[in-house]
Amino acid sequence: MTISRPLLIAGLIALTLAAAIGSILFGPVHLSLARMIAAFTGHGDRIATTILLELRLPRMLLGLGVGAMLGLAGAALQGYLRNPLAEPSVLGTSNAASLGAVAALYFGLAALHPVVLPVLAVLGALLSLAGLSALAGRSESPLTLILAGIAIATLATAGVSLALNLSPNPFAAMEIMTWLLGSLENRSFEHVWIAYPCIAIGGLLLLWDGRALDALTLGEDGAQALGVDLRRTRIRLLLGTAIGVGGAVAVSGAIGFIGLIVPHLVRPLTDRSPSAILVPSAIGGAALLTFADVAVRLIDTRNELKLGVVTAFLGVPVFLIHLMRERRLW
Amino acid sequence: MVSISLEQVGVSLGRRTVVRNASATFRAGTLAGIVGPNGAGKSTLARAMLALVPHIGRILVDDAEVATMPRAELARRVAYLPQGQTLHWPLTVERLVELGRLPHLAPMSRIGDADGAAIERAIARADIAALRERVATELSGGERARVLLARALAVEAPALIADEPLASLDPGHQIDVMELLHGEARAGALVIAVLHDLTMAARYCDRLVLIDRGTIVADGTPAEVLTPANLKSVYGIDARVELAGDWPTVTALGRSR
């Protein structure tokens with residue numbers, strides 16, 4: 001069911017706005033609308049102002065930014081690799097970012113300053129890019145890149161497991177596990193200032209090659225014969241993913257499935273060309289992750305529910321629907 | 001008036017030399033066929049002309065070397081119809097033909113009026129207006145071949161290289177595609193097609209280049225190239241070659257002993 005692009009974008013923006021408003025309205029502490037308006041206009045009490053401006057506002061901004069980046073990166077990678085199952089972790093980027101963050105927790109560096117963990121996570125993502133380039137070489141084959149990505153992801157996951165295995169005490173292991181489950185809780189504007197520049201640079205790099213992704217529909221020879229410089233396209237795509245997803249994962253922890261499911265959700269509403277799903281996937285990712293983050297706050301559980309757990313559960317029905325369609329059961 | 005010149009071109013893939021010392025010049029207004037047995041190096045030679053594989057020697061489009069020409073510039077001068085009909089995403093026919101305008105567009109720019117007009121001309125020339133809303137991956141082989149050809153025509157390049165455009169097409173669709181390529185050449189374009197069907201090649205091409213194990217062994221009109229002796233030495237077959245009208249028809253009689 002293809003719908004017009006302006007209508008699709010407008011609908012997704014409306015959804016994202018609803019998610020953003022929900023993210024401001026809901027939290028463990030109930031705030032009346034009057035207190036919120038007063039806080040936003042500079043006349044509120046200290047508690048309301050702190051909750052809204054220092055906790056919920058950065059959390060909302062991070063939900064939007066991280067979700068947009070994961071959705072966009074998933075859409076760009078699916079187009080580049082011509083594989084509907086591709087997502088940021090297929091290149092090992094998010095795993096390497098996780099390893100960087102886990103190293104910060106393991107060696108106690110995260111306690112030095114709040115920015116140490118995200119910075120190490122971004123560094124991990126950039127290092128994975130160097131490893132990926134070295135392993136994949138000059139080959140433009142998507143299979144080579146996927147194999148190199150799996151090698152990087154496996155290595156990074158092994159490193160995380162090793163950190164858990166050798167963690168000096170149960171609290172350190174718990175801290176690492178908690179981070180790995182992914183969350184936007186207790187994030188501040190410091191995290192926003194770390195994530196947003198990375199997301200902006202990564203996003204621009206990924207949006208640049210929309211037409212090249214379309215051309216790859218015809219295969220590598222077909223795309224090159226249409227004037228696409230595949231080497232440059234690949235460099236921009238890998239850099240964009242490493243910087244953008246690295247910056248996002250650095251502040252949110254490992255959040256899976258957004259990059260995988262959002263392109264699948266928006267693709268049927270577009271003309272299915274890779275470039276047509278980039279922007280809708282970014283907006284859709286922002287909406288979905290922010291809604292998931294609101295759900296985390298609304299679902300009453302004994303222990304705090306983590307965002308990465310909710311997004312993982314969201315992935316299941318989407319793929320069941322695709323499976324049923326593939327088997328012509330629906 | 002576009003021309004493509006090969007000067008002692010060689011291509012190696014890995015350690016294997018696939019094309020050796022190939023020299024030829026192709027000029028505008030010609031439909032040239034590259035023929036030869038499987039693995040002879042036909043497609044590799046075509047890909048070298050588009051700088052898709054590294055080569056030694058010189059390949060010139062007009063007076064510019066393809067090896068150093070910016071990709072978009074080469075794409076505006078030489079359109080390419082790759083071998084096979086693989087499409088990785090289920091695009092509509094119109095969207096697919098639109099891809100042909102890519103060499104003329106800046107990144108993140110929109111399709112302009114001139115591009116729209118070129119797309120319409122390509123759709124009309126390939127006679128696929130009735131298919132424009134259809135999803136390209138759901139078309140029959142013959143329909144898809146015409147759509148992919150329209151995509152290549154939408155580039156509106158002065159030269160077109162088509163790699164096995166008749167593969168897996170029935171005789172009717174083969175004639176449709178060859179008529180279209182022939183029409184492009186008559187309208188002033190340079191068309192180079194890699195072909196397996198020798199009778200089709202003889203029927204429509206102005207000139208044939210016969211390749212054997214990477215070397216050009218014959219170059220001339222179909223009647224000059226498709227001789228029983230050439231067919232025996234290159235394909236290893238005994239063949240009867242008869243003139244049907246102005247062009248030769250080839251009937252393979254069996255493996256030569």
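1. Basis. The model is predicted, so local features are reported only at pLDDT of at least 70 and side-chain atom pairs count only at pLDDT 80 or more, while totals for chains, interfaces and linings use all residues. Residues are numbered from 1 along each chain as its sequence is written, and chains are lettered from A and ligands numbered from 1 in the order in which they are written.

2. Chain A, overall. Chain A has 14 helices and 0 strands; helices (H or I, at least four residues) and strands (E, at least two) are DSSP runs, numbered from the N terminus. Its radius of gyration is 20 Å, close to the 20 Å that the globule rule gives for 330 residues, so chain A is as compact as a globular protein of that length. The radius is taken over C-alpha atoms, and the rule is 2.2 Å times the number of residues to the power 0.38. Along the principal axes, the C-alpha trace of chain A spans about 65 × 50 × 40 Å.

3. Chain A, burial and contacts. In chain A, 53% of the 330 residues count as buried. A residue is buried if 20 or more other C-beta atoms lie within 10 Å of its own, exposed if 12 or fewer, and partly exposed in between, with C-beta atoms placed from the backbone. Among contacts in chain A with a separation of 6 or more, 78% are between residues 24 or more positions apart; a contact requires C-beta atoms, placed from the backbone, within 7 Å.

4. Helix 14 of chain A. This helix (residues 307-326) has 20 residues and reaches 29 Å from its first C-alpha to its last, close to the 28 Å expected at 1.5 Å a residue. The expected span is 1.5 Å times one less than the number of residues. Leu307(A), Gly308(A), Val310(A), Thr311(A) and Leu314(A) are buried in helix 14 of chain A. Seen down the axis, the buried residues of this helix fall within an arc of 155°, so they line one face of the helix; the arc is that of the directions from the helix axis to the C-beta atoms. They pack against helix 12 (258-266) and helix 13 (278-298) of chain A. On the other side of helix 14, the exposed residues include Phe313(A), Val316(A) and Leu320(A). Arg328(A) follows helix 14 of chain A and has a positive phi, near 55°.

5. Where the chains meet. 23 residues of chain A are in contact with 22 residues of chain B. Helix 8 (189-208), helix 9 (210-215) and helix 10 (219-225) of chain A each supply at least two residues of the side that touches chain B. Helix 10 of chain A gives the largest share of that side, 5 residues. By class, the side of chain A that touches chain B has 9 nonpolar, 7 polar and 7 charged residues. Here Ala, Val, Leu, Ile, Met, Phe, Trp, Tyr, Cys and Pro count as nonpolar, Asp, Glu, Lys and Arg as charged, and the others, Gly among them, as polar.

6. Chain B, overall. Chain B has 9 helices and 12 strands. The radius of gyration of chain B is 18 Å, close to the 18 Å that the globule rule gives for 257 residues, so this chain is as compact as a globular protein of that length. Of these 257 residues, 47% count as buried. Among contacts in chain B between residues at least 6 apart in sequence, 64% join residues at least 24 apart.

7. A sheet in chain B. An open sheet of 4 strands in chain B has the order 2-1-4-5, with antiparallel pairing; strands pair if DSSP finds at least two bridges between them. Strand 2 (16-27) and strand 5 (64-65) of chain B stand at the edges, each with a single partner strand, so one side of each is left without a neighbour in the sheet.

8. Pairings in that sheet. Strand 1 (residues 3-13) and strand 2 of chain B are joined by 8 bridges, and Val11(B) stands opposite Val19(B) in strand 2. These two strands form a hairpin with 2 residues between them, and Gly14(B) in the turn has a positive phi of about 65°. Strand 1 and strand 4 of chain B pair over 5 bridges, with Ile59(B) in strand 4 as the bridge partner of Leu6(B). Strand 4 (residues 56-61) and strand 5 of chain B pair over 2 bridges; Leu60(B) has Glu65(B) in strand 5 as its bridge partner.

Key
Contact = placed C-beta atoms within 7 Å.
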